[in-house]
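Hello,

Here is the structure I promised to pass on to you. Please have a look at it first, and then read on for what turned up in it.

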Amino acid sequence: MFDSRQGNLRLSSSLAFLLLISSVAGGGVAPGFKIQGSLASCTVENAVIELPILAGNPCFVCRCKNKSVECSREVCPRTNACKGTLKREKGKCCPVCNENQGPASCTHQGRTYKHNDSWFAKECKICFCTNGTVSCQLQKCSPKNSLRCPEGKAPGLVPGACCLQCVEKTGVCTSYGDPHYRTFDGQMFNFHGTCRYQLTSDNANFTIRMRNDRRYTKVYAWSKALAIHLVDSSIVLHKDLQVKVNKSDVKLPYYHLPYFQITKGSFTITLVSNMGVQVQWDGKGFIEIRVPKSLMGKVDGLCGNFNGNSKDDFNLKNGRRATSAQEFGESWSLGRRNHGCKKAPSEPVKSTMSQCRLRRLISGRKRCSVIKKQFANCHGKVKPDAYYSSCVSAVCQCTGRRCECDAVLAYKNKCKSEGITVNWGRNWKTYCGVSCAVKGAVFDDCAPACQRTCDNKDDVSVPCPSSSCVPGCLCPVGTVWNSQRTKCIHPEKCPPQLSSIQGKLRRAAVSLKRSHKWMIRQLKNNDGR
């Protein structure tokens, strides 16, 4: 092998030479060394020797010295002093520092990022670009209630984020029931046309449209589908929580980062976009749209112009004020009469209620009483009268369906946006179809966005924004979901995880080895006696 006193090496095979090269490349020997033997003999003094085994490696130069081959490896300078970009050039051993260019950019999943950029990726990861190198790690959420946002911003989610971020405050528009509307500026009205209608649009980057049809009654309409256009993507939310993106069915959750994501809760679909627009849809008739306040005065449609003044929400496209909700609604129709669109009936909710049969009216008042009674703690913030009237009207008009629930849920959501948690009472959640069929689970308006299962119950690294919640099912305190999320069980009934089994096997092997050594010592002691 290598003789450090003479600096010589005798090689008898190519394998030995490979070992030498790998050793030199790793810093195992001095940059200069001499080779002797049949594989490395030479006659022309100082001639450059091209060794086949070093072909294409620019870091080594071999010359003939005293009929032996002496090779030297180029020593590269330190690169941490380079303020530009490091680039490897063909035929050169060391990277070249190009200070005329800035730090190198990164490419990740088809997108290019600048030096020091960071972005969210799937599976709750956050990635960083550092001088041409991409590194990703799990997102780490701050403790509950520790996020402090500046003026004009509030905790919320952005596409790809599993932890709450400070996002721009939003205005809320709601459509529910048969259908009733509440604009961004708080104007409430009823409009029952069957066609395609523009809910809201900034006429540049996004448009949200709804499709209504007759259901359950001959007078009123319900939302059938929701179409959302975001820059280069077309998204359609259908009933039964089915989703299409660019005309293709997709499974949820669906990510098109960094532009938008679509997730599915127990009873709703939520779309979050990077421009601050959010949409919630229950697949039956409830729609909630949020847009950032930076768009105030820049949107139009059935949700109004979002300028802070509810009195001018009925302005038409030509600037004239509509004389009725029917005229206003028809002005935002996008279809033609011969394509299934029918003119909205002119009777308002109050006249419909006056024509309601006494038995249905009594039933409606009883079924909608939750708004007046259980939700009383919210009355100081959100006036219940319009929601209650819409609720009773819906019960009067439809049969075979719990039509009061859209109005009840809409009022509950409005209370939630005002920071008030309402009390459903024991039976209302089940009655409105928001009960949990999963064994042991219970419904909650504010269930944690992510929950513990048998797979992650002991993993503290799993990011979970505990202050973020969604309507859905959750396991009671002291229980977790099983791995299939089909029932709630006590943690001790979870099957052993692979890591736990491996740990037990390792401990058992160590114990067995110690017992074996003890037995050998005992046998030797007995033999010695």
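Helices here are DSSP runs of H or I with at least four residues, strands are runs of E with at least two, and both are numbered from the N terminus. Counted that way, the protein has nine helices and 31 strands. Please keep in mind that this is a predicted model.

Some overall figures to begin with. The protein has 529 residues, and 40% of them are buried. Among contacts with a separation of 6 or more, 51% join residues 24 or more positions apart. The exposed surface comes to about 30300 Å², with carbon and sulfur atoms supplying 50% of it.

Now to the inside. The largest nonpolar core has 41 residues, and those touching the most other members are L199, I208, L226, I235 and L237. Leaving aside residues up to four places away in sequence, I208 touches several partners, including L199, L226, V277, V279 and I289. Another core, of 23 residues, lies apart from the largest one and includes F286, C356, C368 and V370.

Helix α6 is worth a look too. Its 13 residues (385-397) should span 18 Å at 1.5 Å a residue, and because the end C-alpha atoms are 18 Å apart, the model agrees with that expectation.

What about charged pairs: how many salt bridges does a search of the whole structure find? The search finds two. In one, R290 pairs with E288, with the closest N and O atoms 3.4 Å apart; E288 counts as buried because its relative accessibility is 10%, and the cut-off for buried is under 20%. In the other, R320 meets E327 at 2.5 Å, N to O. Here R320 is partly exposed at 41% relative accessibility, and E327 is partly exposed at 24%.

Finally, the aromatic rings. The structure holds ten aromatic pairs. The ring centres of F189 and F314 are 5.3 Å apart and the planes stand at 90 degrees, so this pair is edge-to-face. F189 sits in strand β16 and F314 in the loop between β27 and α2, so the pair ties together parts 125 residues apart in sequence. F189 also pairs edge-to-face with F328, at 5.7 Å centre to centre and 80 degrees between the planes. That pair links β16 to helix α2, 139 residues apart. F328 is buried, at 1% relative accessibility. Together with Y181, the residues F189, F314 and F328 form a cluster linked by ring pairs.

Enjoy exploring it!

Best wishes

Conventions. Residues are numbered from 1 along each chain as its sequence is written. This is a predicted model: local features need pLDDT of at least 70, side-chain atom pairs count only at pLDDT 80 or more; totals for chains, interfaces and linings use all residues. Side-chain values use heavy atoms; hydrogens and water are left out. Buried means under 20% relative accessible area, exposed over 50%, partly exposed in between (1.4 Å probe, protein chains only). Contact means heavy atoms within 4.5 Å. Accessible areas come from the Shrake-Rupley method with a 1.4 Å probe; for residues, only the protein chains shown count as cover. A nonpolar core is a set of buried Ala, Val, Leu, Ile, Met, Phe, Trp, Tyr and Cys residues joined through side-chain atoms within 4.5 Å. The expected span of a helix is 1.5 Å times one less than its number of residues. A salt bridge is a side-chain nitrogen of Lys or Arg within 4 Å of a carboxyl oxygen of Asp or Glu. Rings of Phe, Tyr and Trp (its six-membered ring) pair if their centres lie within 6.5 Å; planes under 30 degrees apart count as stacked, over 60 as edge-to-face and the rest as tilted.
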